[in-house]
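Open the model in a viewer and keep the selection panel at hand. The stops below go from the ligand to the spaces in the protein.

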Amino acid sequence: MSDPTRPAQPRIIAVANQKGGVGKTTTAINLGAALAEEGFNVLLVDLDPQGNASTGLGVGVEERQYTTYDLLLEEVELKDVIRPTKTEGLWIAPATTDLSSADIEMMANEKRSFLLRDALRQRAIDSWEFDFILIDCPPSLSLLTVNAMVAADSVLVPLQSEFFALEGLSQLMLTVRQVRQTANPNLRIEGIVLTMFDIRNRLSQQVERDARETLGELVFRTIVPRNVRLSEAPSFAVPVLEYDSMSRGSLAYRALAQEMVYRKEPATT
Ligand SMILES: Nc1ncnc2c1ncn2[C@@H]1O[C@H](COP(=O)(O)OP(=O)(O)O)[C@@H](O)[C@H]1O
Ligand SMILES: [Mg+2]
């Protein structure tokens with residue numbers, strides 16, 4: 001491909017934050033949809049036993065014959081796990097509650113931290129020509145999240161614009177450093193994206209100031225506002241870009257995709 005923004009290898013991005021309810025799944029779904037809208041081929045890997053990304057993209061439990069659990073622990077191939085979504089260019093490797101026992105079951109495996117990396121390297125996925133693989137992580141720094149970080153090129157961190165938002169971040173960064181030291185020296189921070197931002201709330205503005213002061217360039221210019229359309233879209237089983245294309249949530253995730261793709265040098269540490 002001559003398009004310079006088109007990665008030669010799929011760019012693998014783990015969407016991670018050990019706090020729940022900060023916008024990981026919303027970001028994975030809608031950033032994925034925005035990239036697909038740009039013409040990229042995107043695979044979303046659902047690595048959360050709650051399977052919210054799978055549900056939010058309309059893959060019902062009965063359609064999840066093979067899941068990321070099978071991928072990690074049953075040697076089922078990625079090509080048999082991947083399902084299309086209603087969004088053109090966006091595929092998903094779904095998850096079910098089976099995945100909740102994966103952490104314990106993986107412990108027995110010598111290659112326990114490398115299971116996802118190896119699964120994503122299967123040659124069979126070449127035929128999909130994925131440009132981006134987004135991994136929706138569970139709300140913990142468990143072995144599942146470590147698997148995502150080992151498999152990934154970078155980590156994208158949604159940060160909810162609320163008090164204490166920055167508190168969990170040092171723990172997350174510590175895990176990133178540990179993964180770098182052991183299994184994946186090239187792991188980068190893709191960036192930190194402020195989510196659920198309320199412009200009328202001084203606290204939101206304070207969190208933004210603090211984040212930009214301490215984290216500088218790592219924080220995306222794009223901010224995702226609190227937008228009810230974003231929370232409604234999953235019950236219609238589509239990304240917000242399809243549910244309400246011109247909503248503020250849609251505009252924000254399109255802007256985030258643009259910023260991520262066209263920014264010259266992705267940020268490091
Ligand atoms: N920017 C936003 N505006 C309004 N609601 C949001 C926004 N981002 C996420 N939500 C809602 O907040 C809840 C938690 O978001 P989710 O993406 O599931 O977080 P996580 O995956 O980190 O647990 C969900 O109900 C989601 O629909
Ligand atoms: Mg989630």
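Predicted model: local features only at pLDDT ≥ 70, side-chain atom pairs only at ≥ 80, totals over all residues.

Residues are numbered from 1 along each chain as its sequence is written, chains are lettered from A and ligands numbered from 1 in the order in which they are written, and side-chain values use heavy atoms, with hydrogens and water left out.

**Stop 1: ligand 1**

Select ligand 1 and the 14 residues that surround it, where a residue counts if one of its heavy atoms lies within 4 Å. Gly21, Thr25, Thr26, Pro225 and Asn227 are the closest of them. By class, this shell has five nonpolar, seven polar and two charged residues. Here Ala, Val, Leu, Ile, Met, Phe, Trp, Tyr, Cys and Pro count as nonpolar, Asp, Glu, Lys and Arg as charged, and the others, Gly among them, as polar.

Next, show the polar contacts (pairs of N or O atoms within 3.5 Å). Which backbone atoms lie 2.8 Å from a nitrogen atom of ligand 1? The answer is a backbone N or O atom of Pro225. A polar backbone atom of Asn227 is 2.9 Å from a nitrogen atom of the ligand, and one of Val22 is 3.1 Å from a ligand oxygen. Ligand 1 taken alone exposes 560 Å², of which the protein buries 80% (Shrake-Rupley method, 1.4 Å probe).

Colour helix H1 (24–37) and helix H10 (228–232), the elements that give two or more residues to the shell. H1 has the largest share, three residues. Helices (H or I, at least four residues) and strands (E, at least two) are DSSP runs, numbered from the N terminus.

**Stop 2: the second largest pocket**

Ligand 1 sits in the second largest pocket, meaning that more than half of its atoms lie within 2 Å of the pocket's grid points. A pocket is an open set of points on a 1 Å grid over the protein atoms alone, with protein on both sides within 12 Å along at least five of seven lines, and lining residues have an atom within 4 Å of a point.

This pocket holds about 350 Å³ of space. Of its 24 lining residues, Thr26, Met196, Asn227, Leu230 and Ser231 are the closest to the centre. H1, helix H2 (52–56) and H10 each supply at least two lining residues, and H1 gives the most, with four. The lining divides into 13 nonpolar, 10 polar and one charged residue.

**Stop 3: the largest pocket**

Move to the largest pocket, with a volume of about 410 Å³. It is lined by 17 residues, and Pro10, Ile12, Arg121, Ala151 and Asp153 are the closest to its centre. Strand E1 (11–15), helix H6 (115–120) and helix H7 (143–151) each give two or more residues to the lining. Eight of the lining residues are nonpolar, four polar and five charged.

**Stop 4: the cavity**

Finally, select Asn17, Lys19, Val22, Leu159, Gln160, Glu162 and Ala165, which line the largest cavity. A cavity is a set of grid points where a 1.4 Å probe fits but cannot get out. About 30 Å³ of space lies in this one.

Key:
Polar contact = N/O pair within 3.5 Å; in protein donor to acceptor, adjacent residues only side chain to side chain. Points joined across faces, edges and corners; volume = space filled by probe spheres on them.
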